[in-house]
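The following note collects comments on the structure shown below.

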Amino acid sequence: MRKAAELRGSSEGFLETDWDTALDCASKALAYIMRRYGPSSIAFTIQVPGTGYMNKGALMRLASLFGWSSMHAYPLNGDLPTFWAPTFGVQSEELETLEYLNSRLILIFGSNFTVTRTMSSRMLILARERGAKIIVVDMNYASVSNIADEFIPINPATDAALALGIVHILIRDKLYNEEFIKTFTDMPLLVRLDTMKRLRAEEVKELSSKAKELKAKIPAYRDLFVSIDKNGRLIIIDPRRLDLIDPVTNERYDPVLEGEYEVELVDGKRIKVKPVFQLLKELVFRDYTPDKVAKIISPKPEWVSKYVNIIERLARDIATLKPVAIIYGASNWQWYNGDLKGRALSLLVALTGNIGRPGSGISTYAGVYKIRWPMWSWWGYDKPLTMIRGTPSMRRPKWLNWSVFLNYEYRQSEEWRKYRSTEVPWPDQGVRALLIQWWNPFDQHNKALILTKKAKRDHPEPLDFIMTTEIQWTTSVEYSDIVLPAAAWFEKYELVSTPIHPYLSITQPAHDPLFDSMPEIWIFKEIAVRTSKIISEEWSDDEVKRILGLSKDELVKMAQMYYPDPDLQRQEDEARRSGRWSLSLARELANKASEKAIEILLEDGRNVTWAEGLNVNLTEGITLEELKKRPVRIKLPTPGNRQIPFWSQINLRVPFPNASFPHPISATGRFVKSGRIEFYKDEDVFIDLGETLPVHKDPFEESLYKWFPEDKGRYMFVYLTENSLYRVHSTHSNNAMMLALQDYQPKIYMNPETADRLGLKTWDYVEVYNRFGRVRGYLITDPSVHPNVIIFVQGWWRRYTDGTHYNSPNYPWIKPTEIIYFTPGVWEVNTKWNNTLVNIRKIES
Amino acid sequence: MPRYVMIIDLNKCTGCRTCMVACAMKNGLPPGIFWTTVEWTPIAGVIQADRRSTGNYPYTPMTPVHNICNHCDNPPCVKVCPVGATYKREDGLVLIDYERCIGCRYCMSACPYGVRTFLWEDPEKTLEDAIRRTRSSNPYKAGENKMAEPDYVYGDPVEYRDKGRLVHKSVLRLKRGIVTKCTWCVERIDKGLKPVCVEVCVGRARIFGDLDDPNSEVSQILSRKNAVRRLEHLGTEPRVYYIPKTNWPKVLE
């Protein structure tokens, strides 16, 4: 516990105390903040739930009880690829790496797979040995290039241009899969040229009455769009099925993909329309000819002609070497226009029919974010009177977006007022408390040092209370008021899965927790009980009802039922009363509660809505006892339980999307109202930005240069915070062995020709800086780095960089397309780590 | 009697260094000492950087360079050892009896591969120095009275003797003044297991086995692939075979 908030930012002023004192103090602070500012002003994240459904769920359960604001870790970490929701209607999907053995062409766009997916890179090596061609497209010769057949260097953030150049060839030479795009994508949908919106069936004179009838039969989140067949007949596209059957006549039709047509509306007005495919064709024929694209992507003007040939060859490879798998790397989408790149890359697999089949598709591998099924029985909170799992009355946390939290300036802007949906949450009285656990935000997420400023009260929205639950003494601990010691991985039970491999596994206690540390499930149980007690004693009945929506009696009862087996909680209470309580007894009961919670979680997976009209049992036959022996494959609804994205859509013809858990289909189905893969987006913001179809844009024009026009031409280098081989982000930054592997020195990498030009050389002590912040390290010149790029290998805590900070040059940019909906972890503002320009200078001393 | 050899296929190495770290963890090597190393093509003056390449952008192919004791058939280190601490077993393993070694370091001079490490100080002190270099600022760093296991250090805690000779012990539990090196995990081999670096190799680039067995994986590979050994002209007859890297990507062709 810290004696005074003024001492935040150092190891000074901490008082070592016992659990009772620390927990009582924390509970008092939390109750005070809820009473004064409301529960939603307490913000937290559970950082990548896949690494701990049970203990991370324990905090969600606590937050559900009180209504705190959960910041979804997926966009917070920059891991959310924002093209998925508008294109496929999902959070994200990935091919399991075992499927690479079925691929014939693997295209890696900006993903250093051998470093960031070290163990899985074996599958790439095996795939290559079996004859797959591996092509790496990257601004730098990243180490994954070493196990590839071809490395294609391109300028930073120009992948969309390259993809659209390839699309140009695919369309020009008719190398696309016509049947596939007519059946599964929005390519045949008609777009009104007067409004640039997609034509709705109810707007069309001859379809309007039928459309009204059909509308009653489809879910509210769907819409009826229109195509035109070869005979000039207008057809309603049925969002309930993925085939070419006219829902009015039940006859098969063949939609046109090209041309311009005239349609009469209900009001008699005649308008011009074109299929999406036609608009795409016009776009790529106009702006993305191989010549134009080569000029955009080529790092040096003298190589342009080589790139023209490469684009032609890539198009032919993609059209003929099937199946094609695309790996789209996180460092590539963590840009202002990362969504556009993803949408453009998706075109490559959609146009060639490389979706839903073994060894094919586009995959994004970042974060252990994935919730394999809804987990509200443990994560939510039933009222004691109902106790029906998963009922709508269940209490759940509120939500908040990290970039929205950080970016105070944007929330004052006209753009925010214009585009922000009322869905995008912001607590009435702002965020007053930050709970930190399983992460180190003061190093890893401290964009433009905003978090430091909030902690130091040097910000319009200061933080009153910061509490950290940790296994080690991190930088974030030094900014906290209360630090609670948590048990580490093999000192407790945990249920674990990853998005990349469809397996469940558990960790089990290999030994007792060290010192006084405790499993999180116990810590959060104690906070639930103690905070409820304080509230019931100090607040009036009306206050409890108004602020928490519960009676005092309900609140206390619910806190007493925090453990999944309330009897365990009673046993601990009884031991306290009789003086038999000990740390080891509390741990023993917490372990039993953990096992029970895992069983409840497994139970939740037994009946899951996978997609529209498709219910599955994902945990069929999986028991805690079996998991104690070995990892078990999740029962995915595919042959052999293989993880092949959109297998159900392509093979069972179930409409897009798959459910993105824990959300119901209705929350995400609205992103692809046609039930198909959508490349044309007609929400106003897409029209305003000229992004109805995927395009290439300079990522700084609408971010840095728009908000700070004076910075145009001021900063010369793209700043890339590359993942380290030696740690998981900033975890293990203080590990002696990992530090020894790096000479104990943070390093900054730069192309030697660029360094020569600036008069810099290897081992110079340098500072990388911009208007937002700066970081120091030792310069290593390395010809594998693009001439306009500076790389800082991330993870170093501030004490290794002279107090400077590698994420301080970054800024929490918000793109208006990200705030027109809010579905946590699916459609949200994503952190854009790499959308950063910097300069570099030598530090003399 | 088997004739053990190791093959390192540089086409399969991803440069991840899992072998280095697993070896160090299992053998209790203090930070900074590695019995096997993997470096990308070196840039002059940079030690242990995690990315490095040569050439001019974008033509910058990288070659992983592995170093490990070659367990030579004609080992100069054995010949120069004045006390018989370094010896060669019939199956080819070159080992050091830690109880016999007097720390004269003749073996280090004799070894042309630079794979031996002298313990200039007690390894525990090396570890303490390394921990100090982490610049921990925790004011409540665990005192001795609070450590769950006061004597705990990482590394295999069990010693192993080969016919009475102490050939395997966590280096962190050894004292200064002796020479150490890779044992090819003798205690594992004698149980029928593979060396730990082979077991953990992500790309399956390291292969270990009996060259006298024509059906072994190593025999099969060496019968059909071109492999080289380091400094063969010195006549040391090393038992580590390298398959040279030839599968670099094409760039702008």
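1. Among contacts (heavy atoms within 4.5 Å) in chain B between residues at least 6 apart in sequence, 67% join residues at least 24 apart. This is a predicted model, in which local features need pLDDT of at least 70, side-chain atom pairs count only at pLDDT 80 or more, and totals for chains, interfaces and linings use all residues. Residues are numbered from 1 along each chain as its sequence is written, chains are lettered from A in the order in which they are written, and side-chain values use heavy atoms, with hydrogens and water left out.

2. Chain B contains seven helices and 12 strands, taken as DSSP runs (helices H or I, at least four residues; strands E, at least two) numbered from the N terminus. Of its 253 residues, 55% are buried, meaning under 20% relative accessible area with a 1.4 Å probe, protein chains only.

3. Helix α24 of chain A (residues 566-577) has 12 residues and should span 16 Å at 1.5 Å a residue; the 17 Å between its end C-alpha atoms agrees. The expected span is 1.5 Å times one less than the number of residues.

4. The buried residues of α24(A) include A:Leu568 and A:Glu572. Packing partners of the buried set are α21 (520-538), α23 (552-560) and α25 of chain A. A:Gly579, with a positive phi near 75°, follows α24(A).

5. A:Asp604 lies in helix α25 (residues 583-604) of chain A and is buried, at 16% relative accessible area. Its side chain makes a polar contact of 2.7 Å with that of A:Ser377; such a contact is a pair of N or O atoms within 3.5 Å, where within protein one must be able to donate a hydrogen and the other to accept it, and residues adjacent in sequence count only if both atoms are side-chain atoms.

Key
Buried means under 20% relative accessible area, exposed over 50%, partly exposed in between (1.4 Å probe, protein chains only).
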